[in-house]
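Hello,

Here is the structure I promised to pass on. Please open it alongside this email, and then read my notes below.

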Amino acid sequence: MDTSHVSVANQVPLFSLLKEHFGFTSFRPLQEEIIRDALAGRDVMALLPTGGGKSLCFQLPALARPGLTIVVSPLIALMKDQVDALQANGIAATFLNSSLTAQESHLRLQGLYRGDYRLLYIAPERLMLPSSLNDLQKWQVNFLAIDEAHCISEWGHDFRPEYRRLVELRERFPSLPIMALTATATERVREDIRRVLRLEDGAYYVASFNRPNLTYRVQAKVNAHEQVLAILKDKPHDSGIAYCQSRKATENLAERLQSEGIRAKPYHAGLTTKERSSHQELFLRDEVQVICATIAFGMGINKPNVRFVIHYDLPKNLESYYQETGRAGRDGLPSECMLLFSAGDTVKQQRFINEKPDLQEQQIAHTQLQQMVQYAECATCRRVELLQYFGEAVEQGNCSGCDNCLSPRDTFDGTEDAIMVLSCVAQIRLKSGFGVGQNHMIEVLTGANTEKVRRWGHERLPVYGNGKNVHSRPEWAAISRELIRLGYLQQMTEPFTILELTAQGKDFLQECQPIILTKPMRAPEKKTSSTGDLAHDEMLFHQLRQLRKNVADERDVPAYVVFSDVALRQMSREYPVNEREFMQISGVGSRKLQEFGVIFLKAIADYLEAQPRQSFSRDSSSSPPPSGASKNKPLGATVQETLRGFQSGLTVEAIAMQRGLVRGTIYGHLEQAIQAGETIDHTRLLTSDQQSQIAVAFAQTGFGNLTGAKELLGDLFDYGQLRLFRIIHGQKSQ
């Protein structure tokens, strides 16, 4: 085994490798420091958020020195995903797992013996076989990267016992540097990873857990199917994941969405391997819009353009929730995370927890569920709640990226309500000498005539029935949970889940200072459109997406392996027309230029033959373009000729035929004329009825979503007419 280290890590030309193979000109936070430590032969532990660029931290060092980097990866799908992307960038990588035939495995093993590869992806079970351990001696391995390292810890949410055996590599190859990476780990899990892998003396990096491009929302779960449909109708072209608690729920939701014309598939452990693989592949290739999945789906799935994650049911804990929401927006573009919450889901989870045979496991699970419920019902910034859970110090403020910051919920004077709840808990404890759970407390407060109430004599308490006509039982439950969050009550889990007063709660009953409570979540409001998207030519973007899909299908790879949505949007904004300009696009390296430059440059050039360039300011958004921005700007000769023809009474069709141009070009000329301040009879371009039809479409899709409006209207209008409508609308609103 080659254990030589690069002592001159700072001299490695990292930036040229970064641009050549990955198409980027700069690193994300902490990437460069982690990479240089790896090249210097140090052990490294790194926590980077999903989408923070963990993979690059071991992929780039693998290119910067000879030898083989072993990547321990937990899922077959993740291995294939990563290797496809690396090979598309011209990097020699492979994987070994059970999906390969004996012949395929043999050929790859021969390549490993010859030194043909820089990276090998392998599962821990396969790696720890005696035959594999013997092979490591012969493959010139110089680095071991352990992805999804939280699987090592029993306190992690995806514990896998076989991961703990990886410490044997430390004993067998003591000088082999190790890098452990994860996106989701509390302080306790981090310490467990470092202890098990003996990384205490290595470099330690923890990036911010903040994902600023994600918007977090929680809706009261009222009619879940309809709520999901409403979300999807706002996102007709976007990919997303809907997480469900049970296999049956994934299938029911997928069937319901399919009946509404939405391309959806279920994904759960009960499907055959072939079915799961097929559904995942369809999703990766944008043939399926929505995957309805249990938590069996998604760990490490490298699909950067997932635009939304819906939690149809309540997650078990905040770590799972954070990791699952983190599968949205990995390309850095605005994406949305929606949690549908009901107290009924909490009760179901509690039943599952109570079935666990181990009491300690029950207590941990109850605590985690309580934290999850507190997040769902909190009235403070959700981003702050998440970051603080992972131990990240953050100041309270308006993040402008969660429902509580964007639309704060109403508050009310809850002093009398708090007195009733806390008094009820106190009187039950005094009367019986033991505490009770939330449900029984509410039964006493609302005057329920149950067997337990009568058996324990709780109908004789002074507080019995005082809350019957004040709030409903679900409202009392929400109030009691908020009193837990505020520190007046605590929920004990040993040996049973009961409510007890805290010192703060006892002090309150003595002094009764005013308490402000938050009104419970109501039925969902209409979603406001996201902001922060990069303004671009929607029509060109739509055409480039189709071209990307065609190219990807020909090569039998997912679309994002060709180019990311970020790259396509930048092309649709910058209109590169030569190789030099194309190389300025994010994600375009020398290999991508060689492989795809000609066909994409031709597509952009062909588009510009028929359509005018659009101009985008640095801070342009999805709002309609201001009509007066280009007033009095001189018009070119070809635009003037079109304008003269139109003002003489010719129709758009007649001008196009007379000049040998397509209609879209003529509409583009008239658009430029209007922007330049020329007076044009709008009714000759669009009748009032036509304008009404288009207005309805834009009302549904948003003014910036030209492609969405076009698809809603079908063949009734072309893109030129829709762009003209936006210009006309902009003028009328001045």
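What follows is a short tour, from the overall make-up to a few single residues.

This is a predicted model, so local features need pLDDT of at least 70 and side-chain atom pairs count only at pLDDT 80 or more, while totals for chains, interfaces and linings use all residues. Residues are numbered from 1 along each chain as its sequence is written, and side-chain values use heavy atoms, with hydrogens and water left out.

The protein has 35 helices and 17 strands (DSSP runs numbered from the N terminus: H or I of at least four residues for helices, E of at least two for strands). Of its 734 residues, 54% are buried (under 20% relative accessible area; exposed is over 50% and partly exposed is in between, with a 1.4 Å probe and protein chains only). Looking at contacts (heavy atoms within 4.5 Å) with a separation of 6 or more, 73% are between residues 24 or more positions apart.

Beyond its neighbours within four places in sequence, I146 is in contact with residues including V72, Y163, L181 and L197.

The axes of α15 (residues 343–354) and α16 (residues 359–377) come within 9 Å and cross at roughly 170° (axes are lines fitted to C-alpha atoms over the stretch in contact, and angles run from 0 to 180 degrees between N-to-C directions). The two helices are therefore roughly antiparallel, a term for angles over 145 degrees. On the α15 side, the contact is made by T346, Q349, Q350, I353 and N354, and on the α16 side by Q362, A365, H366, L369 and V373.

Now for the single residues. D417 sits in helix α19 (residues 415–432) and is buried, at 7% relative accessible area. D417 touches F412, V470, H471, W476 and I479, leaving out residues up to four places away in sequence.

Most residues other than glycine have a negative phi. L30, in the loop between α1 and α2, has a positive phi near 75° and is partly exposed at 22%. Y575, in the loop between α26 and α27, has a positive phi near 50° and is buried at 1%.

Best wishes

Definitions and conventions:
Angles under 35 degrees count as roughly parallel, over 145 as roughly antiparallel, 65 to 115 as roughly perpendicular and the rest as oblique.
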